[in-house]
Amino acid sequence: MISRRGLLGAAASAVAVVGFDPFGHRWVTGAEAATRPSFAGVPPLDGELAVDAAARQAVATDLGNIVHQQPQAVLRPASTGDVATMIRFCSAHGIPVSTRGQAHTTYGQGLSAGLVIEMRHLRRIHSLGARYAEVDAGILWKDLAIAANGHSPRLTPPVLTGYTGLTVGGTLSVGGIGGIVGGLRTGLQVDHVRELEVVTGTGSIERCSRQHKPDLFDAVLGGLGQCAVITRAVIELVPAPERARNFVLQYSVNAPFFRDLRLLIDRAGVDHVYAEFTAPDPAPVYKIHATAFYDAPAAPDDAAILAGLTAEAVVEDTPYLDYVLTIDRLIDMLRETENWDRLVKPWYDVWLPDSTIEQYLAELLPTLTARDIGPYGAGLIYPQRRDLATRPAPRRPGPDGSPFVYVVDINTVSSAPGADPQFAAEMLERNKRLYARAREKYGAVLYPIGSVPFTAQNWRDHYGSSWSAFHAAKRRYDPTGVLTPGPGIFSPRG
Ligand SMILES: Cc1cc2nc3c(=O)[nH]c(=O)nc-3n(C[C@H](O)[C@H](O)[C@H](O)COP(=O)(O)OP(=O)(O)OC[C@H]3O[C@@H](n4cnc5c(N)ncnc54)[C@H](O)[C@@H]3O)c2cc1C
């Protein structure tokens, strides 16, 4: 490892990286330096550059356990300067660079054969005020939510993903759908960023916002790490409610489920809605979770919220932060009891317009078996209000006259931990087939967090009319094309 003490001190260690051999295309350790007279020296860093087998193996896959690729080196940055220094170095030597948040995408999106930057080493809250927090990109949303809740008065990010153990930089790179907070009264997480600090593919440190370098801001938010690495974000905060009242309703038939879902997402007093579905056994089970936030003593009007619905509601009432961490508790339990991180997760995630979602689910569900979701997986539907989305990315279906659009997830999880290439191959084939049909017949658009194999042409079609702007931004901000090869958008994985 190489540290602030510089090359001299680092060269004393057996695993110290002192440079890169551009001819052999490999890193040179301190032990090898004497026998290799010609190599490019790594500049001094505040953090560490590791090339030992354990460090490389630890970042060789993601939550999906489908794609495996060991990098040659791992950067544990201690500053934005470290990220800039190493990107500049890698760009000069044509070394691919991937940024790793929690690596909870499932198809190798954050893997690379070159350098992996472990962002979790940058995870400070720099400031937390009444309207904004400035945070490092490696902080977890959970940690920001807890800190904001502890502020006086209590605050919260306006949009939180279902599981909050994800990094700010990771979800801002994909979009950040409000799985537990936001969506009906807010846009996505990318809609609530005031400013970013990023390092471009040339190693330049920039700040950008809607007003300042808006093309860079547009290219980075929901930009899948293609043009820059997010190192800091200024995130909006809003007053946090004291409590959450959650109404859970169950159905086995498509039509009444959708009727009630549509009533609830448009109903005054309802702040958040998501739904679950299972494979038919023999009939599918649909569950709606509708939530009203409030400050006691002004409790929600249950009768008004439930008026005209066909199913009985089970009501739960919890402090806001307990509600926010509901899915985190579930994942923590699976981590402890089922070896969650090692289960295979070939996830399928698409946006669907309101005009086709009901028909799509009616066609999709009878084709699924229990294995398609798995004992620890879930089928999920997240309704989102269209007009609150302000950013060009992530891509979504075009207008269909409805104010709503939905994300549908089949979060498939294997029943036992460990690699299972046959299961993975079968589910990847399923995802390809489901995606092609959903796109052609139902106007679906990929939400690129899961495991749908995509060719370069698929990506071009995905970006459609915005492809040329995205391509131009890639050329401008990452001219040597080193950043984030995982999704294979501009070049094959490498
Ligand atoms: C249990 C669970 C629940 C989830 N719920 C939701 C939900 O409710 N809503 C939702 O939208 N998503 C949800 N997701 C998906 C999640 O948003 C994505 O997988 C997200 O990318 C995870 O963040 P991460 O920190 O693991 O990012 P990573 O997987 O590490 O990174 C994602 C991509 O962004 C790149 N990247 C990472 N950090 C940076 C950075 N700082 N700068 C530039 N590029 C970067 C990576 O290289 C990679 O290509 C869920 C995932 C899980 C596992």
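In this predicted model, helix α6 contributes the most to the shell around the ligand, supplying 5 residues. This helix spans residues 168–174. Strands β6 (97–100) and β13 (228–236) likewise supply at least two shell residues each. Altogether, 33 residues surround the ligand, and the closest are Thr-99, Gly-101, Thr-167, Ile-177 and Tyr-447.

Several individual contacts may be located in the view. A polar backbone atom of Gly-101 is 2.7 Å from an oxygen atom of the ligand. For Gln-102, a backbone N or O atom lies 2.9 Å from a ligand oxygen. Tyr-447 takes part through its side chain, in which an N or O atom is 2.7 Å from an oxygen of the ligand. How much of the 950 Å² of accessible area that the ligand has on its own does the protein cover? The protein covers 96% of that area.

The second topic is charge. Side chains of opposite charge can pair when their charged atoms come close. The structure holds 26 salt bridges.

One of these salt bridges joins Asp-215 and Arg-476, with a distance of 2.4 Å from N to O. This pair links distant parts of the chain, for Asp-215 belongs to helix α7 (residues 214–220) and Arg-476 to helix α16 (residues 467–477), 261 residues apart. Asp-215 is partly exposed, with a relative accessible area of 32%, and Arg-476 is also partly exposed, at 44%.

Another salt bridge lies within a single helix. Glu-429 and Lys-432 are both found in helix α14 (residues 421–442), where they stand 3 residues apart, about one turn of the helix. Their closest N and O atoms are 3.7 Å apart. Glu-429 is partly exposed, with a relative accessible area of 47%, and Lys-432 is partly exposed at 38%.

A further pair consists of Glu-118 and Arg-120, whose closest N and O atoms are 4.0 Å apart. Are these two residues buried or partly exposed? Glu-118 is buried, because its relative accessible area is 7%, whereas Arg-120 is partly exposed, with a value of 37%.

Methods
Residues are numbered from 1 along each chain as its sequence is written. This is a predicted model: local features need pLDDT of at least 70, side-chain atom pairs count only at pLDDT 80 or more; totals for chains, interfaces and linings use all residues. Side-chain values use heavy atoms; hydrogens and water are left out. A salt bridge is a side-chain nitrogen of Lys or Arg within 4 Å of a carboxyl oxygen of Asp or Glu. Buried means under 20% relative accessible area, exposed over 50%, partly exposed in between (1.4 Å probe, protein chains only). Helices (H or I, at least four residues) and strands (E, at least two) are DSSP runs, numbered from the N terminus. A residue is near a molecule or strand if one of its heavy atoms lies within 4 Å of it. A polar contact is a pair of N or O atoms within 3.5 Å; within protein, one must be able to donate a hydrogen and the other to accept it, and residues adjacent in sequence count only if both atoms are side-chain atoms. Accessible areas come from the Shrake-Rupley method with a 1.4 Å probe; for residues, only the protein chains shown count as cover.
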